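Keep the sequence and the structure in view while reading.

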Amino acid sequence: MVNAIDAGWHAHVTRLILELAWTGYYGFTRQLIEQIGLSMAVAEAEQGALPVVPWLKQDDEGPYLEGHRCGNCGAVYLGERDNCSSCGARSGISPEKLTTRGTLYSYSIVHRSFPGIEVPYVSAIVDLEGGGTIKGNLIDVEPDPAKLVFDMPVEVVFRDALGRKDNEGNAYVSYFFKPI
Ligand SMILES: [Zn+2]
């Protein structure tokens, strides 16, 4: 037979055990939620990497370079234009997706740069097929003039901006040129 004191004590201990279990469970769950939340935030940051320049756009097929073509003379510009500096047209300039194929127009081998930037690297100017001339880094090639031939075919590739992040932790996607 359980007397009143024992019954009260028993109820107290049971409640204490339940509370401890709940606290432990809650703590574990909260930790799990935080971990999942963190992984999701990392995944989102990678997925939603910001473009390094305004003319680097993104659609369902991935990143691409956007040019603006003059409907009158066919000149292609990076970034938005209201008028054409080639023929003087003041309208008929529309955006278009630029190709990822081009040729090496010119380059510089950079031996000195900002602190933290790995040197030497190749800064290149590339003429894109169909129009558009852009400057960017040529990668996957030795920074050696013997390996860099004018007019050599290159392709535009999109990659993380060398792992760099801004003060808010945002990752960036950049474009590079690569020999074909
Ligand atoms: Zn024009």
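Two strands count as paired if DSSP finds at least two bridges between them. By that rule strand 2, residues 56–59, pairs with strand 3, residues 62–70, through four bridges, and the two run antiparallel.

The model is a predicted one. Its mean pLDDT is 82, and 74% of the residues reach 70 or more. Over residues 22–46 the pLDDT is below 50, and beyond near neighbours in sequence this stretch has four contacts in the model.

The protein has one helix and ten strands. Read along the sequence, the pattern is α-β-β-β-β-β-β-β-β-β-β. Among contacts with a separation of 6 or more, 49% are between residues 24 or more positions apart. Of the 180 residues, 14% count as buried.

The hairpin formed by strand 3 and strand 4 has five residues between the strands, and Gly 74 in the turn has a positive phi of about 90°. A further five bridges join strand 3 to strand 5, residues 93–97, again antiparallel. In that pairing Cys 70 stands opposite Ile 93.

Which residues have the most contacts inside the largest nonpolar core? They are Leu 65, Ala 124, Val 126, Leu 138 and Phe 177, in a core of 15 residues. At least two residues of this core come from each of strand 6 (101–110), strand 7 (121–128), strand 8 (133–138), strand 9 (153–165) and strand 10 (171–179). Strand 7 gives the most, with four residues. In soluble globular proteins, nonpolar side chains tend to be buried together.

Leu 65 shows how one member of the core is surrounded. Leaving out residues up to four places away in sequence, Leu 65 touches Trp 55, Leu 56, Leu 98, Ile 134, Val 156 and Tyr 175.

Leu 104, in strand 6, can be examined the same way. Is Leu 104 buried or exposed? Leu 104 is buried, because 21 other C-beta atoms lie within 10 Å and the cut-off for burial is 20 or more. Not counting residues up to four places away in sequence, Leu 104 touches Ala 124, Val 126, Leu 148, Phe 150, Asp 151, Met 152 and Val 154. Two of these, Ala 124 and Val 126, are also among the core residues with the most contacts. Leu 104 and Phe 177 are 73 residues apart in sequence, and their C-alpha atoms are 9.0 Å apart in space.

Asp 151, one of the residues that Leu 104 touches, lies in the loop between strand 8 and strand 9. Asp 151 counts as exposed because it has 9 C-beta neighbours inside 10 Å, and the limit for an exposed residue is 12 or fewer. Although not a glycine, Asp 151 has a positive phi of about 70°.

Asp 140 is also in the loop between strand 8 and strand 9. Asp 140 has a positive phi of about 60° although it is not a glycine. With 11 other C-beta atoms within 10 Å, Asp 140 is exposed. Which residues does Asp 140 contact, leaving aside its neighbours within four places in sequence? The contacts are with Lys 178 and Pro 179. Asp 140 and Pro 179 are 39 residues apart in sequence, yet 7.3 Å apart in space, C-alpha to C-alpha.

The peptide bond that joins Val 119 and Pro 120 is cis, with omega about -5°.

Definitions and conventions: Residues numbered from 1 in each chain as written. Predicted model: local features only at pLDDT ≥ 70, side-chain atom pairs only at ≥ 80, totals over all residues. Core = buried A, V, L, I, M, F, W, Y, C linked by C-beta atoms within 7 Å. Contact = placed C-beta atoms within 7 Å. pLDDT = per-residue confidence, 0-100.
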